Amino acid sequence: MNGRVDYLVTEEEINLTRGPSGLGFNIVGGTDQQYVSNDSGIYVSRIKENGAAALDGRLQEGDKILSVNGQDLKNLLHQDAVDLFRNAGYAVSLRVQHRLQVQNGPIGHRGEGDPSGIPIFMVLVPLFALTVVAAWAFMRYRQQL
């Protein structure tokens, strides 16, 4: 492996309806408190359980929010972004950038805990048991051969 991490960047329009607890997520970032080095964008820091965003299911922690109701979030102070979300209304349209890490390892590699692989002991234990039974049968009946 070359140590490089590759990302697949996609954009999506997500429409949320404000619920009793708002839109159901927290944000970080802004020109005054950068969350990502050399990027003053606004990012989702937390999805609140049973909130509008969690019920919709598409917005994820770490997503970058590019615009709210068509208004660009570039070069905003954090508090200005918060105010924009608070005053966005009942139906809110978000333009979101998802950043997915791409596996650049060998094809067919399975990580630890992947249930689709067969653990080695599931093969070795029955094979060992079969060998013991065969050896016992051979020793027991070799005199009759």
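Are F25 and F85 buried or exposed? In this predicted model, in which local features need pLDDT of at least 70, side-chain atom pairs count only at pLDDT 80 or more, and totals for chains, interfaces and linings use all residues, F25 is buried, and so is F85. Buried denotes under 20% relative accessible area, exposed over 50%, and partly exposed in between, with a 1.4 Å probe and protein chains only. Residues are numbered from 1 along each chain as its sequence is written, and side-chain values use heavy atoms, with hydrogens and water left out.

The chain contains 3 helices and 6 strands, where helices (H or I, at least four residues) and strands (E, at least two) are DSSP runs numbered from the N terminus. Read from the N terminus, the elements follow the order β-β-β-α-β-β-α-β-α. Of the 145 residues of the chain, 26% count as buried. The predictor's confidence in each residue is given by pLDDT, on a scale from 0 to 100. The chain has an average pLDDT of 85, and 83% of the residues score at least 70. Among the elements, the lowest mean pLDDT (80) belongs to helix α3 (residues 121-141), and the highest (97) to β4.

Aromatic contacts were then examined. Rings of Phe, Tyr and Trp (its six-membered ring) pair if their centres lie within 6.5 Å; planes under 30 degrees apart count as stacked, over 60 as edge-to-face and the rest as tilted. The count by this rule is 2 aromatic pairs. F25 and F85 form an edge-to-face pair, with 5.6 Å from centre to centre and 90 degrees between the planes. This pair links distant parts of the chain, since F25 lies in strand β2 (residues 25-29) and F85 in helix α2 (residues 78-86), 60 residues apart. The ring centres of Y35 and Y43 lie 5.6 Å apart with the planes at 45 degrees, so this pair is tilted. Y35 is partly exposed, with a relative accessible area of 49%, whereas Y43 counts as buried at 9% relative accessibility.

Strand pairing was assigned where DSSP finds at least two bridges between two strands. β2 pairs with strand β3 (residues 42-47) in the antiparallel sense over 5 bridges, and the bridge partner of F25 in β3 is I47. β3 in turn pairs with strand β4 (residues 64-68), again in the antiparallel sense, over 2 bridges. In β4, I65 stands opposite I42, and K64 is the bridge partner of Y43.

β4 is mostly covered, as 4 of its 5 residues are buried. This strand is also joined by 4 bridges to strand β6 (residues 91-102), and the two run antiparallel; here K64 stands opposite Q97. A further antiparallel pairing, over 2 bridges, connects β4 with strand β5 (residues 71-72), in which Q71 is the bridge partner of V68. The hairpin of β4 and β5 has 2 residues between the strands, and N69 takes a positive phi near 50 degrees.

L8 lies in strand β1 (residues 6-17) and counts as partly exposed at 46% relative accessibility.
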